[in-house]
Structure formats: structure tokens, C-alpha cells
Amino acid sequence: MGKVQHVQPKDEKWQVIGEGNEKATKLFDTQKEAVDYARTIAGNQDSNVVIHGTDGKARAFIGGTASEKADKASKKADDKKDAKKDKKALKEEKKKAKEKKAAEKKAEKEKKKAAKAKKK
């Protein structure tokens, strides 16, 4: 896991600086540019971004390492598969119930037909 990237104000510009570093990685005119750059670095390093306000205080955190994101994506995919399996199983149950009902109806009809034929 790489260093946490901080986006901080510096001399009327915005700097991206790795945690514990003394020098900025890069300076930008806007906070948005700095955040975008920090996100790229953090993504490549499997790390996070802390965004500081003009007062220097941390005001936002862009979290989630790549492995955490992969785990979430995997869980979401698994949940989707499970939901699909559940839906398929429910559909199968409904189909079987419908077939059973049709068979019972047919048997009842044949029973009535046989009883009617017996009366004659």
C-alpha cells in the first residue's frame, strides 16, 4: 500500500503531497486539478486521498484501496448471482406448481368423465 496523498493549499496554489514527504509531488492552480491528480496517484499506489480546505484542515477523504474496491465489486457480483439464482429457483417452483395444478385438474376432469361414463 502506498502513501496517503494529501491535497493542500500552498502559496495560492494547491499541492499534492505524499504523507510524510517534505516536498510537493506537484502544484496546481485549482483544487480540482490537484484532487484529480492525487486520485490517479492513490489509485496506482492502492492508497487514499485526504483533501484539505483553504484553512489547512482535512475536510474530505477519498477512501477505498483498490483491493477494497475489488472486494466490494466481487461481493456485488456475488449478490447479483445469488439474486439471479433465487429468481431462477422461484421461477422453477412456480412452473412446477403450475404443472402440478394442471395435472390435478386433468386428473379431476378424467375422474368426472369416468364417473359420467359409469352412470350411463
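Author: Helices and strands are DSSP runs, numbered from the N terminus. The model above is predicted.

Reader: In what order do the elements of the protein run from the N terminus on?

Author: The order is β-β-β-α-β-β-α. That comes to 2 helices and 5 strands.

Reader: How do I read burial, and what share of the 120 residues is buried?

Author: A residue counts as buried when its relative accessible area is under 20%, and as exposed when that area is over 50%. In this protein, buried residues make up 21% of the 120 residues.

Reader: Take His6. In which strand does His6 lie? Is His6 buried or exposed?

Author: His6 belongs to strand β1, residues 5–10. Its relative accessibility is 13%, so His6 counts as buried.

Reader: With which side chain does the side chain of His6 make a polar contact?

Author: The partner is the side chain of Glu19, at 2.9 Å.

Reader: Next, salt bridges. How many does the structure hold?

Author: A salt bridge pairs a side-chain nitrogen of Lys or Arg with a carboxyl oxygen of Asp or Glu, within 4 Å. The structure holds 2 of them. In one, the side chains of Lys13 and Asp29 meet, with 2.6 Å from N to O. This pair links distant parts of the chain, 16 residues apart. Lys13 sits in strand β2 (residues 13–18), while Asp29 sits in the loop between β3 (26–28) and α1 (31–45).

Reader: Are Lys13 and Asp29 exposed or partly exposed?

Author: Lys13 has a relative accessible area of 33%, so it is partly exposed. For Asp29 the value is 56%, so Asp29 is exposed.

Reader: Which side chains meet in a salt bridge of 2.9 Å, N to O?

Author: Those of Asp36 and Lys32. The two residues are 4 apart in helix α1, so about one helical turn separates them. Asp36 is partly exposed, at 36% relative accessibility, whereas Lys32 is exposed, at 58%.

Reader: Last, charge on the surface. Which residues gather in a patch of positive charge?

Author: Lys and Arg count as positive. Here the patch on the surface is formed by Lys76, Lys80, Lys84 and Lys88.

Reader: Where is the place of Lys84, and why does Lys84 count as exposed?

Author: Lys84 is in helix α2, which covers residues 66–119. Lys84 counts as exposed because its relative accessibility is 64%, and the cut-off for exposed is over 50%.

Note on methods: Residues numbered from 1 in each chain as written. Predicted model: local features only at pLDDT ≥ 70, side-chain atom pairs only at ≥ 80, totals over all residues. Heavy atoms only, no water. Patch = residues over 30% accessible without salt bridge, like charges linked within 9 Å, V, L, I, M, F, W, Y side chains within 5 Å. Areas by Shrake-Rupley, 256 points an atom, 1.4 Å probe, with all protein chains shown as cover. Charge placed at Lys NZ, Arg CZ, Asp CG, Glu CD. Buried < 20%, exposed > 50% of the residue type's maximum accessible area, 1.4 Å probe, protein only. Polar contact = N/O pair within 3.5 Å; in protein donor to acceptor, adjacent residues only side chain to side chain.
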